[in-house]
Amino acid sequence: FGHPVRATELTEFARQNGEFERRGVKLIGLTIDSIHAHLAWTQNINQNLKIPIPYPLIADLEMTVANKTADPSGREFNRYGSCGLCHRPGQKDSGVIYYPLTNGRNIDEVLRLIDSLQTSDEHVCATPVNWNQGDQVIVPPPKTENEVVARLNSDHEKIDFYLMKREL
């Protein structure tokens, strides 16, 4: 039962569960294993790694959910591995990160993505590459000539009329 790389991910998500809760995020693990495999897996992790898993694991034996989040390149979920999905009910944008079975995801990057998604929603902005909380954000691009003029007259950091940054 279980997969060694995924076991390390389950434990790191468990260790950082407080960081997710602080952001208003509820973790759920979804696997294509049975409930009985989940029970054995979480018991084994708790016994050997001394980390209880504080969030539910959901069995997706028929891969109904897994296939809906399949890699757009056409790779099958069970052969390619897993994805990290930041789904936000009521929101159109979500983040999806695909990982092969041989490589564990970076939980700090998952947290950074959540911060970025929440910041974009709250402040109506975008976040640039390698953005972290406290960094400047990108002002949405103009849609009219009047918006171009307003942006050019603003106190934003101007890289060009279409690319401007600002502090929050």
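Which residue in E7 does Ile138 stand opposite? In this predicted model, Ile138 stands opposite Lys165 in E7. The two residues belong to a pairing between strand E5 (residues 137–138) and strand E7 (residues 163–166), which run in the antiparallel sense over two bridges.

Two residues separate E6 from E7, and the two strands form a hairpin.

Another part of the chain to follow is helix H1, which covers residues 4–15. Its 12 residues reach 17 Å from the first C-alpha to the last, close to the 16 Å expected at 1.5 Å a residue. Buried residues in H1 are Val5, Arg6, Ala7, Glu9, Leu10, Thr11, Phe13 and Ala14. An α-helix has 3.6 residues a turn, so residues three or four places apart point the same way.

Pro54 and Thr11 are 43 residues apart in sequence, yet their C-alpha atoms are 9.7 Å apart in space. Once neighbours within four places in sequence are left aside, Pro54 is in contact with Ala14 and Asn17. Ala14 is one of the buried residues of H1. Pro54 itself has a relative accessible area of 49% and is therefore partly exposed, because the exposed class begins over 50%.

Definitions and conventions:
Residues numbered from 1 in each chain as written. Predicted model: local features only at pLDDT ≥ 70, side-chain atom pairs only at ≥ 80, totals over all residues. Heavy atoms only, no water. Buried < 20%, exposed > 50% of the residue type's maximum accessible area, 1.4 Å probe, protein only. Contact = heavy atoms within 4.5 Å. Helix = DSSP H or I, 4+ residues; strand = E, 2+ residues; numbered from the N terminus. Expected span 1.5 Å × (residues − 1). Pairing = 2+ DSSP bridges.
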